[in-house]
Amino acid sequence: MNHAAPAGGHPVQFVAKNMRVDLRLIAGMVAANSRVLDIGCGDGTLIDHLFRTKQCDARGLEIDMAEVTRAVTHGLPVMQGDADSDLANYPNAAFDYVILSRTLQAVERPREVLRQMLRISTYAIVSFPNFGHWTLRMQLLLGGKMPMTKAWHRMWYETPNIHPCTIQDFFDLCTKDGYLVEEWLAADEAGARAPWRRFPGLANLFGEQGLFLLRKA
Amino acid sequence: MPGIAWGISQAHIGSVMDQSQTLPEVAHQSVRFEDGLALDCGRHLANITVAYRSYGTLNAAASNAILVCHALTGDQYVAEIHPLTGKPGWWNTVVGPGKAVDTEKYFVICANVLGGCMGSTGPRSAHDERPNEPWGTEFPAVTIQDMVRAQKLLIDHLGISRLFAVVGGSMGGMQALAWAALYPDAVFAAVPVAAAAYHSAQNIAFHEIGRQAIAADPFFYAGRYWAEGVTPERGLAVARMTAHITYVSEAALTRKFGRRLQNATDLTLLGDRFEVESYLEYQGSSFVRRFDANSYLTITRAMDLFDLAADHGGALPSAFAGSKTRFLLVSFSSDWLFPTAQSRAIARALNHVAANASFVEIMSDKGHDAFLLDEPDFHRTLSGFLAGCAEHAGLS
């Protein structure tokens, strides 16, 4: 069962398309010379960046075979696989950072994926589009229909994003499952930091995406 | 009707094969190791010869060597005209100047496997105890690991302490895996293509059909055909024909031949045949001119014996524990002999030990043979992977 591949075989298109916008923010959270696994790495832009600028042992996992082929063709160590089923194969503490960039909302079992991430790695870096953003709330309130934005641009019946959540929802899950939020921020689509660091409620209203650095308590 | 058609086919094969009774003797570039080799079966070969070819130039640090491992019926003539068939090398599409395995950058070596019939020690070589006759079926059972140990002797002889990469398809992929498991520090990168960590029951079954066909040939003489001055050509040809079907896909056969007839509009005469029959017979008859039947028995058995997990307490990840080797696994979507699931199982085992592994399935309708054919996605992937490894190895 392929969670992110609707008919036609085009999985989670916007994940790869928007990789670059939060790339710098994520890379900023990663220490030099660390071991990194990027889940949903697309064509491997981030792992290449981490290898070249921070000398990381960075590897990728990607569900879309065309992207995998592109990444390996560029000399990047990327394996075709599925976040839902393949993280279980890695040993405990194999990595310093495991990154899940704009993929959490598209996996089958987000809670289990997070659990696996923090089993195989010291830190987890998670970014996701915030379903609590005011434009989405307005569309639902006034139009009475599922919101359509730049990030949420597929109709409800064909979207691969089966587990949308808000920044506040994510904080709640971290508390429930005992993850420490080492660092977090809200950003707009272009990847610029939004000034809501101390106010999760405002970030949840005005941040287009959430970015979290977690570790186990 | 099939029975009659079969009779015709046999007659057809026979008429072609009577032209060559024994394999021509050709001189091969080789090294002889007087200390011989201890085999997995417990026997010790008193001395062994490893025939090989090389392309490109070994750099001063001896750090740019790529060992290419050939498949069941391949040989060391990877990228040049074959001395027996006169045809281009079997991996001409992959190995050469500017190609995926670039002989302008890398020193490429390919050795005929132990048990083979192109110059390396095998059933055609002189018997250890009776030097006046060949081993024949008395040649000891060899394993994929034995083949790798023989290659290691050659690599040491060439002054190479670490191979930049070991690359191989099918049985060559098994060797690449065995290299990484046996000599992890001597393999910077390993590329098993269309391979598996064990030979499946289905594959063993197909091999057994081939072996039975050879054994049933009246010219086999219990493996002593060399003493009679004949070769079990029909049996070997049938073995090849059966095997060849497993190398291609139904889609590829349909595209190439469909139900077309060979020089006929109707199957009215006994001699009228489908194109696919004629093609298979050609495959069979050309094969027997370059391959020894006892070698075929020896090497198919070596593949059957391959089970890397079994050698490591039943756990495949243990074969690669602590490995620093960078892996690229490649499978082809229509390969039913070494299906993608087999490569994925290896990929998962490598994940278990957090090895550096890439895994790609190439979309192709050409079946197992795709690894030998013009598959640009595969060639780009291999080339890119090697380039990335070269950067990490400090080669570029």
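Select chain B and colour it by secondary structure: the chain carries 11 helices and 14 strands, where helices (H or I, at least four residues) and strands (E, at least two) are DSSP runs numbered from the N terminus. Residues are numbered from 1 along each chain as its sequence is written, while chains are lettered from A and ligands numbered from 1 in the order in which they are written. This is a predicted model, in which local features need pLDDT of at least 70 and side-chain atom pairs count only at pLDDT 80 or more, whereas totals for chains, interfaces and linings use all residues.

Next, colour chain B by pLDDT, the predictor's confidence in each residue, from 0 to 100. The mean for chain B is 93, and 94% of its residues reach 70 or more. Then select residues 1-20 of chain B, where pLDDT stays under 50 and for which the model has 19 contacts beyond four places in sequence; two residues are in contact if their C-beta atoms, placed from the backbone, lie within 7 Å. For the complex, the predictor gives an ipTM of 0.86 and a pTM of 0.90.

Return to the whole of chain B, whose C-alpha trace spans about 65 × 50 × 40 Å along its principal axes. Its radius of gyration of 21 Å agrees with the value near 21 Å that a compact globule of 396 residues would have; the radius is taken over C-alpha atoms, and the globule rule is 2.2 Å times the number of residues to the power 0.38.

Now select the two domains of chain B separately: domain 1 is 2-23 + 206-302 and domain 2 is 32-201 + 313-392, with bounds that come from an automatic or database domain assignment. Their C-alpha centres lie 27 Å apart, and 22 residues of domain 1 of chain B are in contact with 28 residues of domain 2 of chain B. On the domain 1 side of this contact, α6 (233-247), α7 (250-256) and α9 (293-305) of chain B each supply at least two residues, and α9(B) gives the most, with 7 residues.

B:Arg259 counts as exposed because it has 8 C-beta neighbours inside 10 Å. Select B:Glu275 as well: the C-alpha atoms of B:Arg259 and B:Glu275 are separated by 7.4 Å, with the two residues 16 apart along the chain.

Finally, bring chain A into view, where 18 residues of chain A are in contact with 22 residues of chain B. On the chain A side, α4 (65-73) and β3 (78-80) are the elements that give two or more residues, and α4(A) gives the most, with 5 residues.

Definitions and conventions:
A residue is buried if 20 or more other C-beta atoms lie within 10 Å of its own, exposed if 12 or fewer, and partly exposed in between; C-beta atoms are placed from the backbone.
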